[in-house]
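This report describes one protein structure, moving from the whole chain to selected parts.

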Amino acid sequence: MSRRRKAVLRGDARAASEYVVDTSIADFLAPSLDAPINTFVERPSADGRRVETERVAVDPPSPVKRARREEATATHREEAFHGYEDGLGFEPEGLNGERYDMDLGGFFPRPPSPPPKRAAPYRPADIALHEFRSLSDEYLQELLRLDGCGDASEEKCPACDIATPSIRCKECLGGLLYCKDCCVTRHADNPLHSVEHWNGRFFEPTSLKKLGLRVQLGHARCSRPRPAHQHFLVLDLNGLQEVDVSYCGCEREIHNGPARVQLLRRRWYPATHDAPRTAMTLRMLDFFHLQTLQAKTTMYDFYTTLAKITDATGAMLVNRYREFLRITREYRHLLLLKRGGRGHAPSGVNGTQPGELAIQCPACPRPDVNLPADWESAPPESRFLYMLFLALDACFRLKRRLASTYLRDPGLGTGWAPYRQYLLTVTDQEEMSTCSGLAALDYANTKFSRGYSATGATGVGDLQRGERYANMDWIIAAILRWKHKRLRKLLSYDIICQWWKNLKSRLAQLPPLMRLHIVLELFQFVIPKMHIHAHLRLCQLLFSLNLTPGAGQTDGEGIERPWANIGGVASSTREMGPGSRYDVLDDHWAFWNWCKLVLLGALLRRRLDNAKEQRAVQTEAFEAFSLEQAARVEEWEAVVVEYEQNPNAEGVKNPYELSERKLTEADVRLRLAEQEAADVSRGVPSLHDVSPSVFVFAGLELEDQQRRLRAGTTAQKIDLIALRRTLNRGIQTYTPGALQALSRTQAAAVQALSRTQAAAVAEELPEDAPLMLPSALSVEERKSGCVAGVEEIEQIARDAQCAEALRQLRTQLHVKARFFTYKELHARHQGANTRARALVERNETKIRLHSEKYQIAWDALCKLHGGDTVKVGWKKLRKEDVRTMEDPEELSKKQALQKKRDETRRRRLAQWGEGAEDLGDGDDDGEAVINPAENMRQVSWIWTQAGSLGSDAELEQSLRIEWTKARARSKRWNEEVDLLEEEYRRVLVSFEYEAAQWETRAKGIAVGVVEEGFAQGAIAYALKQASLYRDLRRRVVVSMTEVHQGRGKQRLPRAEPRNEGGDGDGERNGGERDGGERDGGERDGDSDDDEGAGARGDVYSDEEYFLGGEEDVD
């Protein structure tokens, strides 16, 4: 059978939408290495109206051949990211191949390509889940079977054996069918079970109330039952249940109490107090309370879940959401009072004092509780053991809209301090400034505060339009009022460099209730270790925790951890009234404090083990360093000791400070101008109206403008005519030899170029024009063609350029590090990442400009000194030197991790042979692979060199600073061990004190005077709490004394006998909140020696890992 081919349309017959593309198979094949490449040449036509394009085949250059060879042989190729295009066809003079390569760092990481690994044998991650696929039909059939009667009899009730069964309980075990009467009888004690009725075809929902069940409160068989509301609703874990309820109304009503009491004794919490129509079971309240604290489930989501459990079809239900909000709020507050011991106090709830309900940190020093009697007479070298660590910070996510008022919605646990009234008297106070430019403050500015009653929380108190002195002063005063006045205190705050100024006078001017007079000598002010990197260099010297005696390894960031935890409720508290918001936040922070408290034992043990290991390492390194510099150690030690004893005294030198030359380019320019003016006043004749210094600085300024044009930092065309005119006149007057050098250079260039290219020389761009300053001339040309003194002026100016460029480069590198940290923590989604990338690009351009300025100035100095780099006084800046400061402790952690990985690989190779590495490294612990070259990086010289002080003086200063920092590291780790052991002792004493307090409360119950049931319950609860604290004490002892055999291995019960009341350890808990609430752990992240534990250390739950702060970075 023949088929007719469709005619192919050609020429004009082809549809307009069709295109013909002629291709060859060769077009799809990879070209050979020597295959020519096509280029195009454009020439004007003879009449000058058109441009004719001609294709020319040329031999491929070496880069093309190399690219083709790599493409033909590579099996795995990653796409290379091209960040910044220079736009230059040449390198500016003076960079010498060391131009800084701009890098987007954390925005676009470029990890090295991993070597191909041998495929491991297939093994599912979850074997049971893998097997489920073959059993899914069986499981599905059994689920469908449950929708029928199954094995239950439909003929006779199994209880009475008479009536026809039709009711099944969804919560009772067995799934049998019962008649209505038997079902009611069986559920007399379980009136909230969900039941369903079999209508002959399927089960339909019903309720025990419809079946006739009535719940009698008070006592059974009441002679005068008093019915509750006919639509009484109870909220339980299985949904919203309508229940027929009767109260006791007989003569025993006085004993049983009113309706609310009868409901509470049934473990049902009433929504109102006189005639409740709604109640919630205590088990549901406890479940929701833990769910919202741990999972941050909102009240709306939880109530909606209950409604859908009751009926997921969307049928209209009675709305009890407002009652749910009221009950949960009351229950939170009652639990807070109960756990604070207010039910055992004779003064009751109204006698609660500020801070009395807060969970006290057992590791913090508390005189008359966990400190020895002679703590005030401790020697100076041991006083840090009894220092209180506090931290202040603000969370700008905890905003609250202008909803409700303090009169309509007062807090159940607030109102003891007139904080709000005080703030109304300081509404005109400006927000605190900061030297760091932290982005957190940007979000507290005006445009982020419109429509909000509070723009954040701190300490904890509301903020209005950023962090003002008034807010922070009141909060710290509220804390210090309840702390021993003679305790030494270390106070950390991310902008403390501004806040601490005039703090003493501001506290003295507070209202009488909060007025304080402090002794500044008992305070040490520091900046947290992460935030300090965004501050100026001076702040990093004066407020560094690494350089503060007695700080140990405190990182000051402990208060940031509850901010991260509380973020889950920020969206719901934003819409709350003031009182509701206070109560919710208090509850969540109390839960955080409790979780921190119960995990103290394991946390202290990990930190003590790590501290002892690091102490040995740092002590050994410091002693070796001191031995090498034995002749200088005594002098250096005296300087450090003098500074630590009185750092604020006049004339005391900071041993950690790098001496820098103070002269900037502007200073040098001013001095030279003053000197020239003095010469004129003495009658020294001037060669020209353009002075030598004006000539030199005009050249330098023009050089700077050229550099900015090449970098493309501005879209405007800069007018360089005036500067060029000044420079040209100066060249003719002060460096006439430059004219000859310039003419020779241009003549040689023209001879080397073609006619077309030579014509373009006359149209040279301003940014490419050579600047014929003395440094551009040879030594002979400077001797014969320069006026005396001009060369020295350029040397001074170039030296100032190096100093200023290096300072600016450090600043921008600090900003770069802060940008990357901020982007990693806060920038989310495309918009925020795009804005963050734009900021980084601008900062990278500045880094390149400053680095090029230094490199060109250094090259000019080198030429002026005849190529002698020693006389230059500055080190040569290479592109690998332009990097952010590498933290020594973080570097040591990376090196330790890499060392452990290398040991694991060697062990596998020895056990399994050469093929073992192909299976991959199993204990990377989720850490990113660290480039070995990166892992061995040290601090760049730009952070340790100040300038040309002379080679011997410069070396002496560098050695002194490095020795003092090594001494500080050794001291801090020794202090850390001592602090941990002291805190361990305080934790044991504090737990025993709390247990004794609860036993005292139990003995204080007036048995025989108060109601018998209440007395028994109060005593039982107090004894249970005492037993709980003694159990916590025992668990701390076990954690601190057991022998760690490695992760996954059984631990030995005890390592060696310890004196439980003697030396021990605890945890410094900074970040005290209003009323004394605290959050803990502001020290460095810990590492564990257990093999395979990785960065998480010896952690066995996500809660322990999160609350322990294992991932802190200095």
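## Contacts around Ile1019

Two residues are in contact when heavy atoms lie within 4.5 Å of each other. The model discussed here is predicted. Setting aside neighbours within four places in sequence, Ile1019 is in contact with Ala1002, Ile1005 and Val1007. The C-alpha atoms of Ile1019 and Ile1005 are separated by 7.1 Å, and these residues stand 14 residues apart along the chain.

Ile1019 belongs to helix α33, which covers residues 1012-1041.

## The protein as a whole

The secondary structure comprises 34 helices and 19 strands. The protein has 1114 residues, of which 44% count as buried. Among contacts with a separation of 6 or more, 73% are accounted for by residues 24 or more positions apart.

## Nonpolar cores

In soluble globular proteins, nonpolar side chains tend to be buried together. In this model, the largest nonpolar core contains 60 residues. Leu392, Ile476, Leu491, Ile496, Trp499 and Leu507 have the most contacts inside this core. Helix α32 (residues 951-1003) supplies the largest share of the core, with 10 residues.

Leu392 illustrates these contacts: not counting residues up to four places away in sequence, its partners include Met472, Ile476, Leu491, Trp499 and Ile559.

## The packing of α7 and α8

Helix α8 spans residues 299-310 and packs with α7 at an angle of about 135 degrees. The axes of α7 and α8 are 11 Å apart. An angle over 145 degrees would count as roughly antiparallel, and 65 to 115 as roughly perpendicular; α7 and α8 are therefore oblique to each other. Their crossing is right-handed.

Which residues of α7 and α8 meet? On the α7 side they are Met284, Phe287 and Phe288, and on the α8 side Met299, Phe302 and Leu306.

## Thr292 in α7

Thr292 is located in helix α7, which runs over residues 282-294. With a relative accessibility of 4%, Thr292 counts as buried, because buried means under 20%.

The side chain of Thr292 reaches the backbone oxygen of Thr297 at 2.9 Å. Apart from neighbours within four places in sequence, Thr292 is in contact with Thr297, Arg332 and His588.

Methods: Residues numbered from 1 in each chain as written. Predicted model: local features only at pLDDT ≥ 70, side-chain atom pairs only at ≥ 80, totals over all residues. Heavy atoms only, no water. Helix = DSSP H or I, 4+ residues; strand = E, 2+ residues; numbered from the N terminus. Buried < 20%, exposed > 50% of the residue type's maximum accessible area, 1.4 Å probe, protein only. Polar contact = N/O pair within 3.5 Å; in protein donor to acceptor, adjacent residues only side chain to side chain. Core = buried A, V, L, I, M, F, W, Y, C linked by side-chain atoms within 4.5 Å. Axes fitted to C-alpha atoms, helices over the stretch in contact; angles between N-to-C directions. Parallel < 35°, antiparallel > 145°, perpendicular 65-115°, else oblique. Left-handed = near helix turned anticlockwise from the far one by under 90°.
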